[in-house]
Amino acid sequence: RAEFALLFGPAATQASPAGAGPSAEAGRRFAATFVALFDRLIAEGRFTVPDEPEASPALCAQLDAFARLTGFGGDHASTGAIRVMLRCWVRFYGIVCMEVFQHLGFVADDMEALFEAELRDLAHELGVAYRAP
């Protein structure tokens with residue numbers, strides 16, 4: 001828990017002003033891995049990227065800023081694709097946080113089965129076959 005909190009907790013996101021410093025750079029490198037894999041899934045046509053006809057200008061501006069921050073650009077960086085990528089990240093990061101900080105203790109003592117089920121469902125939605133180790 002301590003290591004996860006050190007790397008991904010609130011203090012890590014506030015360590016340097018305006019995205020400067022070593023922790024911000026480490027975050028960008030970490031995000032680049034996720035973005036590269038996600039971009040590859042889009043390029044391979046693994047899932048249908050939804051249209052976002054009702055996205056507000058404020059949401060579009062936020063998503064564009066997120067895409068720039070993570071290095072997600074080019075032909076695949078539509079508003080719909082950015083929303084799917086963000087949704088996947090929130091879901092994946094969320095289940096890890098909930099497990100690490102034991103916020104799902106009321107569900108189970110051992111979170112492996114739930115984590116694997118969530119990971120399998122997320123992979124399936126992205127057109128990826130997943131087998132638990």
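**Salt bridges, pair by pair**

Tutor: Happy to! Let's begin with aspartate 121 and arginine 120, whose side chains form a salt bridge at 3.9 Å, N to O (a side-chain nitrogen of Lys or Arg within 4 Å of a carboxyl oxygen of Asp or Glu). This is a predicted model, in which local features need pLDDT of at least 70 and side-chain atom pairs count only at pLDDT 80 or more, while totals for chains, interfaces and linings use all residues. Residues are numbered from 1 along each chain as its sequence is written, and side-chain values use heavy atoms, leaving out hydrogens and water.

Aspartate 121 has 31% relative accessibility, so it is partly exposed (between buried, under 20% relative accessible area, and exposed, over 50%; 1.4 Å probe, protein chains only).

Glutamate 125 and arginine 91 meet through their side chains in a salt bridge of 3.0 Å, N to O. Because glutamate 125 sits in helix α6 and arginine 91 in helix α5, this pair ties together parts 34 residues apart in sequence (helices are DSSP runs of H or I with at least four residues, numbered from the N terminus). Arginine 91 has a relative accessible area of 27%, so it is partly exposed.

Next come arginine 46 and glutamate 44, joined by a salt bridge with an N to O distance of 3.0 Å. Arginine 46 is partly exposed at 37% relative accessibility, and glutamate 44 is partly exposed at 38%. Both belong to a salt-bridge network that also includes Arg40. Across the whole structure, the search finds five salt bridges.

Conventions. Helix = DSSP H or I, 4+ residues; strand = E, 2+ residues; numbered from the N terminus.
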